[in-house]
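Try each task before you read its solution.

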Amino acid sequence: MGQKITIEPVTRVEGHGKVTIHLDDKGNVRQTRLHIVEFRGFERFVQGRPYWEAPVLVQRLCGICPVSHHLAAAKALDVIVGAGTGDGLTPTGEKMRRLMHYGQMFQSHALHFFHLASPDLLFGVDGDPLIRNVIGVALKHKDLAVQGVMMRKFGQEIIKATAGKKIHGTGAIPGGINKHLSIEERDSFLKGADPMNIDKMISWAQDAVDFFKAYHKENKDFIDGFAAFPSSHLSLVRKDGAMDLYHGVLRAIDADGKKILNDVDYQNYDDYIDEEVKNWSYMKFPYLLELGKENGWYRVGPLARCNTADFIPTPLAQKEFEIFKNYTNGKPNNMSMHMHWARLIETLHAAEMMQELLNDPDLLKDDLVIKGTKVKRGVGLIEAPRGTLFHHYEINDNDQIEMANLIVSTTNNNEPMNRAVNSVAKEYMNGQKEITEGMRNAVEVAIRAYDPCLSCATHALGQMPLEITLFDVHNNMIDKKRS
Amino acid sequence: MSTLVKFKIDGVECMAERGTYIVEAARENGIYIPTLCNIRGVKPRGSCRICTVLVNSRPMSACTTPVTDGMEIINDTPEINDTRKSIIEVLFVEGNHFCPSCEKSGNCELQALAYRFQMMVPRFPYIFPNKTVDASNPKIIKDHNRCILCKRCIRAIKTDDGKNVFAFKKRGMKLEIIIDPELGDNFTDELAQKAVEICPVGAILPREKGYQIPIGKRKYDQVVIGSDIEKK
Ligand code: SF4
Ligand code: FES
């Protein structure tokens, strides 16, 4: 008899989701779906608002990575106010924003790895749920938990110094930034009392990569095999092919590494990418036009970035990048759990970038804003912690926003997350009549590798729990588990 | 021949020039009485009632009542402050005030008063009125969602020959501020800037200039509204 399984709500991801699993009459998994059931509609809220409000208004759709939205919106408005398409700002304007962004990347990745992902690694996917959480980590691996907290705090202090507040600041304004760094602020990051200084952050970030590599050695089958599937990958890269999380051209490669988008200007992103709406989810499905709806889906985020970039422009992260690349002989890496590895390499890169920027005297200067001839349309892209984030605004003659289109990172990963769930469901649930705790968490682990922010993706509010429901071939619910 | 009068605020002996309005007289004596619709140097209107005090046991608006000899004024009591707080709450629920994304945040008098009076959740239900944004003027944008109808713009913004640039239109819940089309189109930069500054909330906004002052440096980021008066 066919069955359907639903997992809702998914835990330790940001937002709210539900997984349904339909079984066929042999009890094998026929279809899986990750449904995103919240709706928020920021694209509609901003209509009619003066354009310069967008960076401050739209960031409210997320409490986890507001900085990414803040900056992507500001970058789109840079175009509108005639300040260039990402590289036309004053040195202080651009570098302050970069510092804000790397601080954000650092804290978000640290949060994800230490608090959301490490419980699965330390206690196992089917570990006791009572200890398989951040509290369990804190009790058993105190040093790791403390590092996670301090790294997050460091990143947040960087955000505060650049944006004015730890969350939902106002730093980036169209054409630049509203403050520069003070010498005291700079010195507090460079020479702060242990452990709150950049040197310590770099060494902890290195430790975290080493921790992962050691874990990988011991758990090869799980890390390499769990929810692995071939896909295309998309991200921004710097014009010379370097990893650049703040600005660049759009590059997409297929599962074999062949370029599908060859370093194109993202102002015309809609010439290359479209979004499909499906009636069972509020989250849209973006795809590359060239490959069509069926095959045009792609992955974004740390794994995609480590696949698209040719190199990382900071020494320690580059060394790790080479090890990462060698593992797949330079071919694209399609293993979902390697997302964690890539994320930690980026954490190290972000720390090194912060160090480089903090030592840059431009951050202390006060030439903050630049403007030119106004235009009506602007697109801003940024590599948010979870992947490429698109903000597109059009304004009317009165400076009011007429149209906004946001494609958030998690939306870009919509199809990949569905594939990951599918692959895990097949492995764990074929022939099953009920959802065990281990199975339920396995589905979650697959989703969690993408660090999805489902609130952002539907521009929805709240914490993210997940529910899994299992349905038979006649659409009768035969089991349901919530976390 | 002294024109000074003696009066008491909350039992404290005060002195001021005869005819001075109570808010102003209090200020001269280092006592803060909250105001919102009042503008120093412009004829008071007494429309918001946030400055309500008890004068010889009767509630009066302190911005429109001159001090007299021997007057007993009660200003700072839990009951009066709660009345003030309730007025602030009414103003919040009657409009659409989204402080988090408002560029006046940190410089807004309504927000500053809400902080001063420790407003948490309004005791009245939100009305969520359907209001518009008027962005047709070349110098400023009017956001009716945030207008508290204090009339400060009407009273203070005048052309060189004394004409009002702002006026009220419609009635009741639909009441809103309009700009004289002709005078508004010829707004000087100075006058437009003055209008932005005179508005206690974010209902009159400058064009293409938002969030220029970083958080931490805005007017009420460091100090509570009124504390400059109390310090004296
Ligand atoms: S626009 Fe501002 S100053 Fe004018 S009435 Fe409204 S709140 Fe008062
Ligand atoms: S300030 Fe006195 S009534 Fe408004």
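**Exercise 1.** Is A:Thr92 buried or exposed?

*Solution.* Start with the ground rules: this is a predicted model, where local features need pLDDT of at least 70, side-chain atom pairs count only at pLDDT 80 or more, and totals for chains, interfaces and linings use all residues. Residues are numbered from 1 along each chain as its sequence is written, chains are lettered from A and ligands numbered from 1 in the order in which they are written, and side-chain values use heavy atoms, leaving out hydrogens and water.

Next, find A:Thr92 in helix H4 of chain A, residues 91–123. Its relative accessible area is 2%, so A:Thr92 is buried (under 20% relative accessible area, with a 1.4 Å probe and protein chains only).

**Exercise 2.** Which backbone oxygen lies 2.8 Å from a polar atom of the side chain of A:Thr92?

*Solution.* First list the contacts (heavy atoms within 4.5 Å) of A:Thr92 beyond four places in sequence: they include A:Ile177, A:His180 and A:Asp362. The oxygen in question belongs to A:Asp362. That residue is in the loop between helix H13 (338–358) and strand S12 (377–384) of chain A. A:Asp362 is also buried, at 13% relative accessibility. Besides A:Thr92, A:Asp362 touches A:Pro91 and A:Lys95, again leaving out residues up to four places away in sequence.

Key. Helix = DSSP H or I, 4+ residues; strand = E, 2+ residues; numbered from the N terminus. Buried < 20%, exposed > 50% of the residue type's maximum accessible area, 1.4 Å probe, protein only. Polar contact = N/O pair within 3.5 Å; in protein donor to acceptor, adjacent residues only side chain to side chain.
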